[in-house]
Amino acid sequence: MKVLYLPEIVDQFEELSEILYRLDYFGLRETAKKYVDDLIDEIEASIETRPRRIAPPYFDKYGKGMQYMWFNLHNSSTQWFVFFTVYQEDGETIYLVRYLGTNHVVTQHL
C-alpha cells in the first residue's frame, strides 16, 4: 500500500502549518508543523481501514470516481475530510489524495 498526494495537496500541507501559526491556533511554528505531520500520519495510517464513502458529484472537479473518509485530529470541532482515488499498480494498492478539507468547508456539499 502506498499513499501519494497531488502537488496541490503537498502545497496545502506546507501552507497549513504557517496559517495555523499566524492565526494563533498554535503558539509555536514547531507545534503547528507537528499538527500537520500528525494529520499526514493519520491519513497514511488509516486510509486503508477507515470507513469510506463515494464522493458526491460536487467533488468531481478534483477527480472522478473519488472516495472520501473523515476523522478528528486533536480536537472535536474540526473534522478533516480526505478525498482520494484508489489504483492498483503491479499488485500494489495506491491511494492518491486529491482534495483535503474541513467540516467548515466540505459538509455543505456532502
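This is a predicted model: local features need pLDDT of at least 70, side-chain atom pairs count only at pLDDT 80 or more; totals for chains, interfaces and linings use all residues.
Residues are numbered from 1 along each chain as its sequence is written, and side-chain values use heavy atoms, with hydrogens and water left out.

Visitor: At what angle do helix H1 and helix H2 pack?
Guide: Helices (H or I, at least four residues) and strands (E, at least two) are DSSP runs, numbered from the N terminus. H1 covers residues 7-22 and H2 covers residues 29-46, and their axes are 8 Å apart. Axes are lines fitted to C-alpha atoms, for helices over the stretch in contact, with angles from 0 to 180 degrees between N-to-C directions. For this pair, the angle is about 140°.

Visitor: So what do we call H1 and H2 relative to each other?
Guide: Under 35 degrees is roughly parallel, over 145 roughly antiparallel, 65 to 115 roughly perpendicular, and the rest oblique. The angle here is about 140°. H1 and H2 are therefore oblique.

Visitor: Is the crossing of H1 and H2 left-handed or right-handed?
Guide: Picture the near helix turned from the far one by less than a right angle: anticlockwise makes a left-handed crossing, clockwise a right-handed one. The crossing of H1 and H2 is right-handed.

Visitor: Which residues of H1 make the contact with H2?
Guide: Contact means heavy atoms within 4.5 Å. On the H2 side you'll find Arg29, Ala32, Lys33, Tyr35, Val36, Leu39, Ile40 and Ile43. The H1 side brings Phe13, Leu16, Ser17, Glu18, Leu20 and Tyr21.

Visitor: How many residues of the contact of H1 with H2 are nonpolar?
Guide: Ala, Val, Leu, Ile, Met, Phe, Trp, Tyr, Cys and Pro count as nonpolar, Asp, Glu, Lys and Arg as charged, and the others, Gly among them, as polar. The contact has 1 polar and 3 charged residues. The nonpolar count is 10.

Visitor: Is Ser17 buried or exposed?
Guide: Ser17 lies in helix H1 and touches Ala32, Lys33 and Val36, not counting residues up to four places away in sequence. Buried means under 20% relative accessible area, exposed over 50%, partly exposed in between (1.4 Å probe, protein chains only). With 13% relative accessibility, Ser17 counts as buried.

Visitor: What is the relative accessible area of Gln88?
Guide: Gln88 is in strand E4 too. The side chain of Gln88 makes a polar contact with the side chain of Thr93 at 2.7 Å. Gln88 is exposed, and its relative accessible area is 55%.

Visitor: What value is phi of Asp24 near?
Guide: Asp24 is in the loop between H1 and H2, and it is exposed, with a relative accessible area of 66%. Most residues other than glycine have a negative phi. Phi of Asp24 is positive, though, near 65°.

Visitor: And where is Asp90?
Guide: Asp90 has a positive phi too, near 50°. At 79% relative accessibility, Asp90 counts as exposed. Its place is in the loop between E4 and strand E5 (92-102).

Visitor: How far apart are the C-alpha atoms of Glu48 and Val3?
Guide: Glu48 is in the loop between H2 and strand E2 (53-54), and at 41% relative accessibility it counts as partly exposed. Glu48 touches Met1 and Tyr95, not counting residues up to four places away in sequence. Glu48 and Val3 are 45 residues apart along the chain, and their C-alpha atoms are separated by 9.6 Å.

Technical notes. A polar contact is a pair of N or O atoms within 3.5 Å; within protein, one must be able to donate a hydrogen and the other to accept it, and residues adjacent in sequence count only if both atoms are side-chain atoms.
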